[in-house]
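Here is a set of questions and answers on how the terms for a protein model are applied. Each answer sets a value against a cut-off.

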Amino acid sequence: MDQFIFIFSIGLVLGVFIWWGVKHLPGEKWQILAVIPGAVTSPGKRRGLNLTYYGVLSANAYTFAVFIFLILTTASGLPLAGTATFIVLLLAVCMPASSLVARIVEKKSGTLTVGGAVFVGMLASPLLIWLMNMIPALTKGTPLNATLMLSAISIAYAFGEGLGRLACLSFGCCYGKQLDHCSPWMQRVMKKQCLVFHGKTKKIAYASGLDGKKVIPIQVITAIIYCISALAGTLLFLNCHFGAALVETLVITQAWRIVSEFFRADFRGDFKITPYQVMAAATIIFALCITMAFPENGNTAPDLYRSMAMISAPWTILAMEGIWLVSFVFTGRSSVTGAEISFHVQEDKI
């Protein structure tokens with residue numbers, strides 16, 4: 001498969017999706033997807049469990065990231081069973097970490113952090129790779145190269161978080177500062193690009209009272225930077241520059257995370273330099289150390305035709321659907337919003 005067509009197609013789809021998200025997701029109706037009736041609170045009324053578009057969009061991002069990871073690793077000749085096992089183990093570490101780190105830093109139980117999950121995942125990845133290489137049956141005799149694997153992970157992460165920022169638009173989290181409180185030059189630059197969120201149940205409303213106010217579009221800028229970085233990393237990866245792809249994606253994404261924290265208005269801990277900025281800086285150093293510690297020798301040139309044949313297998317498709325479902329269950333059940341459902345008989349329809 002031609003690299004240009006592959007990368008251009010992904011970029012086009014992501015571009016259209018981001019454009020649609022910016023236009024619609026800050027609106028009030030794009031937060032709650034459905035409500036599941038629960039316990040009876042009073043005659044004719046039940047407590048409801050809110051299922052959110054945040055969960056749908058997060059699940060889309062998780063699944064797309066896994067899809068990209070499997071394409072890149074299998075295109076490089078690594079066994080599908082081994083890479084699939086690795087990604088399941090990694091998700092088992094990162095998904096709980098996204099909640100645990102947020103609780104430690106932000107002292108809140110109903111929030112998640114991708115930055116914290118990435119930091120924990122990057123630290124855990126070399127250990128998981130080493131453990132899997134100790135079990136030849138999992139890798140079918142083909143050891144997993146740390147630089148190659150981490151390069152594929154960092155590219156998948158950049159795609160996943162870029163796409164996942166649409167979930168933040170839906171829930172109204174990870175929002176930027178109020179435009180009126182920014183410097184004059186920032187107001188001039190962002191005057192036509194600012195975001196306005198609507199809905200009292202969005203985080204930007206109940207946490208900061210900024211619903212209906214013009215704010216810096218941090219989520220949109222992040223989505224664009226991350227997706228462009230991921231596309232560049234994919235090009236480097238497909239041309240066997242695995243170390244460069246790893247450094248490029250992690251340096252750009254984590255450097256932007258450090259910078260973007262200064263333009264965010266949501267609570268990030270009681271520190272001038274936030275823990276997330278420290279984690280991002282440590283991740284950059286970690287990426288540089290990995291590329292120096294593990295050589296790239298012995299890797300075959302990626303072949304997209306080979307990966308597409310493996311990815312299209314029925315069990316692979318079912319596994320991807322399973323990842324989407326687990327991701328939605330984990331991220332889509334709202335713990336900070338509630339609902340009360342009333343039922344009645346429509347007398348005119350009897």
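**Values and cut-offs**

Q: Why is valine 101 called buried?
A: Valine 101 has a relative accessible area of 11%. Buried means under 20%, exposed over 50%, and partly exposed in between (1.4 Å probe, protein chains only). Valine 101 is therefore buried. The model is a predicted one, in which local features need pLDDT of at least 70 and side-chain atom pairs count only at pLDDT 80 or more, while totals for chains, interfaces and linings use all residues. Residues are numbered from 1 along each chain as its sequence is written, and side-chain values use heavy atoms, with hydrogens and water left out.

Q: Where is valine 101 found, and what separates its C-alpha atom from that of valine 120?
A: Valine 101 is in helix α3, residues 80–106. Helices (H or I, at least four residues) and strands (E, at least two) are DSSP runs, numbered from the N terminus. The C-alpha atoms of valine 101 and valine 120 are 8.9 Å apart, and the two residues are 19 residues apart along the chain.

Q: What makes phenylalanine 4 count as exposed?
A: Phenylalanine 4 has 57% relative accessibility, so it counts as exposed. This residue lies in helix α1, residues 3–24.

Q: Which residues make the nonpolar surface patch of about 530 Å²?
A: Phe4, Ile5, Phe8, Leu12 and Val16 make this patch. Patches are made of residues with over 30% relative accessible area and no salt bridge; like charges are joined within 9 Å, and nonpolar side chains (Val, Leu, Ile, Met, Phe, Trp, Tyr) within 5 Å. Accessible areas come from the Shrake-Rupley method with a 1.4 Å probe, and for residues only the protein chains shown count as cover.

Q: Why are α1 and α9 called roughly antiparallel?
A: Two packed helices are described by the angle between their axes and the distance between the axes. The axes of α1 and helix α9 (residues 218–238) come within 11 Å and cross at roughly 170°. Axes are lines fitted to C-alpha atoms, for helices over the stretch in contact, and angles run from 0 to 180 degrees between N-to-C directions. Angles under 35 degrees count as roughly parallel, over 145 as roughly antiparallel, 65 to 115 as roughly perpendicular and the rest as oblique. Helices α1 and α9 are therefore roughly antiparallel.

Q: Which residues of α1 and α9 meet?
A: On the α1 side they include Phe6, Ile10 and Leu14, and on the α9 side they include Ala223, Cys227 and Leu231. Contact means heavy atoms within 4.5 Å.

Q: What makes threonine 249 count as buried, and which residues does threonine 249 touch?
A: Threonine 249, in helix α10 (residues 242–260), has 0% relative accessibility and so counts as buried. Leaving out residues up to four places away in sequence, threonine 249 touches Ser154, Ile155, Ser229, Ala230 and Gly233.

Q: How do you know that glutamate 161 and arginine 257 form a salt bridge?
A: A salt bridge is a side-chain nitrogen of Lys or Arg within 4 Å of a carboxyl oxygen of Asp or Glu. The N to O distance for glutamate 161 and arginine 257 is 2.4 Å, and their side chains meet in a salt bridge. Glutamate 161 lies in helix α6 and arginine 257 in helix α10, so the pair ties together parts that are 96 residues apart in sequence. Glutamate 161 is buried because its relative accessible area is 5%, and arginine 257 is buried because its relative accessible area is 4%.

Q: How many salt bridges are counted by this rule?
A: The count comes to four. One of them joins arginine 264 to glutamate 261, with the closest N and O atoms 3.6 Å apart.

Q: Why is cysteine 240 called partly exposed?
A: Cysteine 240 has a relative accessible area of 27%, so it is partly exposed. This residue lies in the loop between α9 and α10, and its phi is positive, about 70°, although it is not a glycine. Most residues other than glycine have a negative phi.
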